[in-house]
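Subject: Structure handover

Hello,

Here is the structure I promised to pass on. Please open it alongside this note.

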Amino acid sequence: MSERFYVTTPIYYPNDVPHIGHAYTTVAADVAARYHRLKGDEVWFLTGTDEHGQKMLEAAEARGQGPQEYLDAMVPNWKALWDRLDISYDDFIRTTEQRHKTPVQAFWQRLYDSGDVYLGSYEGLYCVSCEDFYRESELREGNCPVHGRPVERVTEENYFFRLSKYAGWLLNDYYERKPVSVQPGNRLNEVRSFVDQGLQDISISRTSFTWGVPIPWDTNHVFYVWIDALLNYITALGFPDGERFGRFWPGVNLVGKDILRFHAVTWPAMLHAAGIDPPQLVFAHGHLLVGGEKMSKTKLTGIHPDQLLETFGVDAYRYYFLREVAFGQDGNFSWESLVARYNAELANGIGNLLSRVTALIDANCGGEVPDPSAATGDAERALRLVVERQIELYEDALDAFAFHTGLEAVDAIVREVNGYLVETAPWKLAKQEGTEERVGAILYASAEVLRLLAVLLSPVIPQAAGKIWASLGINTPLSEQRLPAAVRWGGLPVGARIARGESLFPRIEG
Ligand code: MSP
């Protein structure tokens, strides 16, 4: 059944150059979006940039530029990377756009009018890099626990949102929902115990600078950056009246674990207070580590996608991170593991399978997909059963954002068909008399598995999947394939003209 699927990435701070951690969320969201399009769902995929607040202002000032001018120069770096990574976003929101600022004001005006916002005075410890407040007890040696930098003591008259009022709703309703609204389970527990300890109202405005969305009822204040940023997920849909808002909200917010509290506490409470449905799912993934540690600018351990794209190409890039790291857990990046997976699973696995099967069809069947009907036997039936089981596992996994499990299933299919080829050895069989039909049946089954692999891999490695599809000479485009029909065994047309192409994934020497 066709459903609606709305998926978002966090909106990134464009003062940084994108590193592999940022690209991780975006690639995952892209794979989810492409997978749901493959299922025939109506999909909307949003990404964008988070452009207000003190950090952006300071970054611009350090360059001697005005913030807007500075941001206009930085944002294209992000869009260009998403293009290089084949990110198929439907919309890119910048929080400095009017289409964002006006509905942010309308949203908070609603909460101000309903009494959920009040003026109070605030004293707190602020980390500009995090754009977040800390309690004294959370500091590490007096510094920000995330960045290790000094925090600022901020005393201001601020507007507050009555977050504390919504603790009961969060605990007794939102976190209890089925299907579960915050995942993975360990993250949900973490959030629940945080709220259990009692919530404080949160400051939503600043007066010490003006780089933000002005508060409509008191223009001495601008909204605190997170308070405007979270709303991007609905402003981009045209909240409050946009047709797309009605159609796609509530959606799925993919985020990193470091920003889970904002997304799983503040964000649903804000929406609930305004009478809007909370997100259908907030899924928090883990962090990519380098050498077992957080990437660090000072230690020069920050890895940027371009450093990898040049050597491995976009498909291998996309494949590696989702295959290597269980989505939801931290995972380590290393050049060695990337080379190892590339060679084992892409070059020797899928790439080799394609060149082997197309060469065999070329040599033994005149380059046309043979008719298997006269000689399909137990070996093919056994292969088919295993493949069908793995396809089920793949679908269940991708429905649950378990990309690593989905790709494990794909790899199991590749290993299975390779084993089947070794066992049936059509290259040996073909040398004997009267074996054409049997050889044809074996090569049909192998090519059919390649077709299935192209469909299953199309969300993850769209370029290579397209090349596999083209090699198989199928007339209907890959982009028109829909699950589950596209993965029903036997879809490869007999007589299709096989084309032998260049090597999909040439081996790389570590
Ligand atoms: N602007 C806020 C998000 C606002 S969303 C309403 C922000 N931006 S960010 O650019 O700092 O980070 C964006 C995302 O990148 C976060 O989800 C964060 O978890 C992710 N990553 C940053 N470093 C990461 C790794 N090393 N590994 C994986 N993801 C990480 O926060």
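Below are the notes on its sheets, salt bridges and surface.

First, the ground rules. This is a predicted model, in which local features need pLDDT of at least 70, side-chain atom pairs count only at pLDDT 80 or more, and totals for chains, interfaces and linings use all residues. Residues are numbered from 1 along each chain as its sequence is written, and side-chain values use heavy atoms, with hydrogens and water left out.

**Sheets**

Helices (H or I, at least four residues) and strands (E, at least two) are DSSP runs, numbered from the N terminus. Two strands pair if DSSP finds at least two bridges between them.

Start with S1, residues 4–8. Four of its five residues are buried, so the strand is largely enclosed by the rest of the structure. Buried means under 20% relative accessible area; exposed means over 50%; partly exposed lies in between (1.4 Å probe, protein chains only). S1 pairs with strand S2 (residues 42–49) in the parallel sense, over five bridges. Arg4 stands opposite Glu42 in S2.

S7 pairs in the parallel sense with strand S12 (residues 281–285), over two bridges. Here Val182 stands opposite Val282 in S12.

Another open sheet has four strands, ordered S5-S4-S6-S8, with antiparallel pairing. Strand S5 (132–134) and strand S8 (202–203) are the edges, and each pairs on one side only. Inside it, strand S4 (residues 117–127) and strand S6 (residues 152–161) pair in the antiparallel sense over 10 bridges. Val117 stands opposite Phe161 in S6.

**Salt bridges**

Side chains of opposite charge can pair when their charged atoms come close. The rule used here is a side-chain nitrogen of Lys or Arg within 4 Å of a carboxyl oxygen of Asp or Glu. By this rule the count is 32 salt bridges.

- Arg99 and Asp91 meet at 2.9 Å, N to O. Arg99 is partly exposed, at 32% relative accessible area. Asp91 is buried, at 13%.
- Glu388 and Arg384 have their closest N and O atoms 2.9 Å apart. They sit four residues apart in helix H13 (residues 378–399), so about one helical turn separates them. Glu388 is partly exposed at 28% relative accessibility, and Arg384 is partly exposed at 36%.
- Arg323 and Glu345 have their closest N and O atoms 2.8 Å apart. This pair links distant parts of the chain: Arg323 is in helix H11 (residues 305–324) and Glu345 in helix H12 (residues 335–365), 22 residues apart. Arg323 is buried at 10% relative accessible area. Glu345 is buried at 8%.

Arg323 and Glu345 also belong to a network.

**Surface**

Which residues form a negative surface patch? They are Asp371, Glu433, Glu436 and Glu437. Patch residues have over 30% relative accessible area and no salt bridge, with like charges joined within 9 Å and nonpolar side chains (Val, Leu, Ile, Met, Phe, Trp, Tyr) within 5 Å. Asp and Glu count as negative. Glu433 lies in the loop between helix H15 (426–429) and helix H16 (436–457). Glu433 is exposed, with a relative accessible area of 78%.

Best wishes

Note on methods: Areas by Shrake-Rupley, 256 points an atom, 1.4 Å probe, with all protein chains shown as cover. Charge placed at Lys NZ, Arg CZ, Asp CG, Glu CD.
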